[in-house]
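User: I would like to learn how to read a protein model feature by feature, taking the general idea before the particular case. Could we work through one together?

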Amino acid sequence: MTEKELMLTSILDCDRTALYAEPLNLSAEQQAKLSQMQERRSADEPLQYILGSTDFMGVKINVDSRVLIPRPETELLVENILQFAHRYATSELRILDIGTGSGNIPIALAKGLPTARVFSLDISAEALSVARENSRQNNVAQQIDFVQVDFFEFVENYRELENHFDIIVSNPPYIATAALAGLPADVKKEPVLALDGGEDGLRFYRTLLANAKRFLKPGGYLACEIGEGQKEALTGLLDQNGYHHFVFCNDLAGKPRFFTAQV
Ligand SMILES: C[S@@+](CC[C@H](N)C(=O)[O-])C[C@H]1O[C@@H](n2cnc3c(N)ncnc32)[C@H](O)[C@@H]1O
């Protein structure tokens, strides 16, 4: 669908075919809404913020400027975890999600794995309130604990959760600080907290790989999205931290997009 069609189907609450079934007769109010949406878009606001939601693995996720817009690439990461979970012999899966944002990952996992319990953390109270509301709207709130904590403090202070999780998943901020200025104008409207991966983009992975094993049960699974050009550095970090069984998986454009490791 074109952006205009997406705006119209959202305003009229209809599907695309209905737009063409008969000549469109917008009320003055609907016309005003459309013009407002088009103005916001010409000011580089992301289309999903204007529409108020996006689809992630067939689930409706509400989004606004408090959260990163879930990307289709992240669906591949979640599909991989679902495949692992269906092979893994434990009935009550415990999952840790680091940097939850809109809640897209824990919600899709909770829907796909009805016996799973997800501990979802984010440093942003604003993002967590979006995530909580999304979990309620998708009827999985009872499977997810949303916790506001800085990940770098979490690894120091949550010792009681060591050896606790079957799966750790993360789509951390992974853009190098200096590259933020060169991002497309609409991406720059997303929270910088969700994008900034530190000087070389690897700040989160360093701490994650140094600590994930402590929080995973033996045989547990780690799955992380990565940025473009990070495979080589991450291979080094995985080796250095004693991960012996790891795999990089490509996205649909053939670029390495996430890695998984089993401990
Ligand atoms: C790339 S976004 C991922 C959002 C969502 N999981 C997704 O896949 O679309 C990274 C998330 O990490 C959070 N974050 C950034 N720094 C953090 C920190 N120090 N501790 C915990 N979460 C953090 C951001 O607020 C943001 O929601």
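Analyst: Let us begin with the sheet, where the idea to hold in mind is that two strands pair if DSSP finds at least two bridges between them. In this model, which is predicted, seven strands form an open sheet in the order β5-β4-β3-β6-β7-β9-β8, and the pairing is mixed. Its edge strands are β5 and β8 (245–250), each of which pairs on one side only, and from one strand to the next the twist averages 15 degrees.

User: How many bridges join β6 to β7, and which residue of β7 is the bridge partner of Phe 165?

Analyst: Five bridges join these two strands, β6 and β7, which run parallel, and Phe 165 has Leu 216 as its bridge partner in β7.

User: Which strands do the helices α7 and α9 touch where they pack on the sheet?

Analyst: Helix α7 packs on the sheet by touching β4 (117–122) and β5, and its direction makes about 170 degrees with that of β5. Helix α9 (residues 203–215) also packs on the sheet, touching β3 (94–98), β6, β7 and β9 (256–262), with a direction that makes about 155 degrees with that of β7.

User: What is to be said of strand β1 and its pairing with β2?

Analyst: Strand β1 (residues 53–56) pairs with β2 in the antiparallel sense over four bridges, and within this pairing Asp 55 has Lys 60 as its bridge partner in β2. The two strands, β1 and β2, form a hairpin with two residues between them, and Met 57 in the turn has a positive phi of about 50 degrees.

User: Let us turn to the nonpolar core. Which residues of the largest one touch the most other members?

Analyst: The general idea is that in soluble globular proteins nonpolar side chains tend to be buried together. Here the largest nonpolar core has 38 residues, of which Ile 95, Leu 109, Leu 113 and Ile 167 touch the most other members. At least two residues of this core come from each of β2 (59–62), α5 (72–87), α6 (104–112), α7 (125–137), β5 (144–148), β6 (165–170) and β7 (216–225), and α5 gives the most, with seven residues. Leaving aside residues up to four places away in sequence, Leu 109 touches Val 78, Ile 81, Leu 82, Ile 95 and Val 169. There is also a second, separate core of 37 residues, which includes Leu 96, Ile 98, Phe 165 and Leu 202.

User: Is Ser 170 buried or exposed, and what does its side chain reach?

Analyst: Ser 170 lies in strand β6, and because its relative accessibility is 1%, Ser 170 counts as buried. The side chain of Ser 170 reaches the backbone oxygen of Ile 98 at 2.9 Å. Not counting residues up to four places away in sequence, Ser 170 touches Leu 77, Ile 98, Leu 208, Ala 223, Cys 224 and Glu 225.

User: Where does Asn 211 lie, and which backbone oxygen lies 2.7 Å from a polar atom of its side chain?

Analyst: Asn 211 lies in helix α9 and, at 12% relative accessibility, counts as buried, while the backbone oxygen that lies 2.7 Å from a polar atom of the Asn 211 side chain belongs to Thr 207.

User: Where are Asp 13 and Asn 163 found, and what phi has each of them?

Analyst: Asp 13, in the loop between α1 (3–12) and α2 (16–21), has a positive phi of about 50 degrees although it is not a glycine, and it is exposed, with a relative accessible area of 73%. Asn 163, in the loop between α8 (151–157) and β6, has a positive phi of about 60 degrees and is likewise not a glycine; at 49% relative accessibility Asn 163 counts as partly exposed, because only values over 50% are called exposed.

User: Finally, how many residues surround the ligand, and which are the closest?

Analyst: The ligand is surrounded by 22 residues, the closest being Gly 99, Asp 122, Asp 150, Phe 151 and Asn 171. As for polar atoms, a polar side-chain atom of Asp 122 lies 2.7 Å from an oxygen atom of the ligand, and an N or O atom in the side chain of Asn 104 is 3.3 Å from an oxygen atom of the ligand. With Thr 100 the atom concerned is a backbone N or O atom, which lies 3.3 Å from a nitrogen atom of the ligand.

Definitions and conventions: Residues are numbered from 1 along each chain as its sequence is written. This is a predicted model: local features need pLDDT of at least 70, side-chain atom pairs count only at pLDDT 80 or more; totals for chains, interfaces and linings use all residues. Side-chain values use heavy atoms; hydrogens and water are left out. A nonpolar core is a set of buried Ala, Val, Leu, Ile, Met, Phe, Trp, Tyr and Cys residues joined through side-chain atoms within 4.5 Å. Buried means under 20% relative accessible area, exposed over 50%, partly exposed in between (1.4 Å probe, protein chains only). Contact means heavy atoms within 4.5 Å. Axes are lines fitted to C-alpha atoms, for helices over the stretch in contact, and angles run from 0 to 180 degrees between N-to-C directions. A residue is near a molecule or strand if one of its heavy atoms lies within 4 Å of it. A polar contact is a pair of N or O atoms within 3.5 Å; within protein, one must be able to donate a hydrogen and the other to accept it, and residues adjacent in sequence count only if both atoms are side-chain atoms.
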